[in-house]
Amino acid sequence: DENPTESTTQPSVSYQGKEKRSATRLYTEAGCRILFEDSHTLSGSISNISFTGAFVMIEHDDPESFVNLRGWLEFTLLIRKKAYPLCVSGMIVRATADGLGVAFRTSEHMRIESLIDKLREELDEADKPFTSSGQDTH
């Protein structure tokens with residue numbers, strides 16, 4: 001029985017091979033914050049991320065109220081004991097009962113794409129997913 005608010009375990013990141021989408025997604029459970037332009041913040045966890053955007057799992061009574069709001073997604077991905085802290089600007093473009101789809105600004109794509117490619121290469125080299133602490137996931 002895990003408590004999702006405890007930070008004793010680090011999220012794993014995995015790459016699930018070639019996709020039909022134009023941007024390859026990495027699947028993770030990285031904790032994050034969305035900082036809106038009006039200074040409101042929302043905490044959640046990133047379910048998946050690509051250089052074009054991310055899906056953030058949140059618990060909120062009215063997730064639709066965030067659609068079309070601009071802000072920054074702040075998070076750190078940890079792979080093989082390396083921290084990749086990021087603050088990426090974007091807009092909420094989708095809301096579901098599970099969370100929010102964040103589209104990153106086009107100006108952020110190159111920066112995020114190079115990081116995603118680097119993380120994917122590290123995971124490909126390992127030939128299996130790693131936890132963010134660098135330990136095997138079995």
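Contact means that heavy atoms lie within 4.5 Å. The model is predicted, so local features need pLDDT of at least 70 and side-chain atom pairs count only at pLDDT 80 or more, while totals for chains, interfaces and linings use all residues. Residues are numbered from 1 along each chain as its sequence is written, and side-chain values use heavy atoms, with hydrogens and water left out.

**Exercise 1.** State which residues proline 85 touches, and determine whether proline 85 is buried or exposed.

*Solution.*
Step 1. Leaving aside residues up to four places away in sequence, proline 85 touches Phe75 and Thr76.
Step 2. The C-alpha atoms of proline 85 and phenylalanine 75 are separated by 5.9 Å, although the two residues are ten apart along the chain.
Step 3. Buried means under 20% relative accessible area, exposed over 50%, and partly exposed in between (1.4 Å probe, protein chains only).
Step 4. Proline 85 has a relative accessible area of 58% and is therefore exposed.

**Exercise 2.** Locate asparagine 48 among the strands and classify its accessibility.

*Solution.*
Step 1. Strands (E, at least two residues) and helices (H or I, at least four) are DSSP runs, numbered from the N terminus.
Step 2. Asparagine 48 belongs to strand β3, which covers residues 41–49.
Step 3. Because its relative accessible area is 11%, asparagine 48 is buried.
Step 4. Beyond four places in sequence, the residues that asparagine 48 touches include Arg25, Tyr27 and Phe55.

**Exercise 3.** Describe how β4 is placed beside β3 and β7.

*Solution.*
Step 1. Two strands pair if DSSP finds at least two bridges between them.
Step 2. β3 and β4 pair in the antiparallel sense over four bridges, and a hairpin of three residues joins them.
Step 3. In this pairing, isoleucine 46 stands opposite valine 56 of β4.
Step 4. β4 also pairs with β7, again antiparallel, over five bridges; here methionine 57 faces glycine 99 of β7.
Step 5. Four of the five residues of β4 are buried.

**Exercise 4.** Identify the residues with the most contacts inside the largest nonpolar core.

*Solution.*
Step 1. A nonpolar core is a set of buried Ala, Val, Leu, Ile, Met, Phe, Trp, Tyr and Cys residues joined through side-chain atoms within 4.5 Å.
Step 2. The largest such core has 30 residues, and Ile34, Leu73 and Phe75 have the most contacts inside it.
Step 3. Elements that each supply at least two residues of this core include β2 (26–36), β5 (70–79) and α1 (109–126).
Step 4. Among the residues that isoleucine 34 touches beyond four places in sequence are Val56, Leu73 and Val102.
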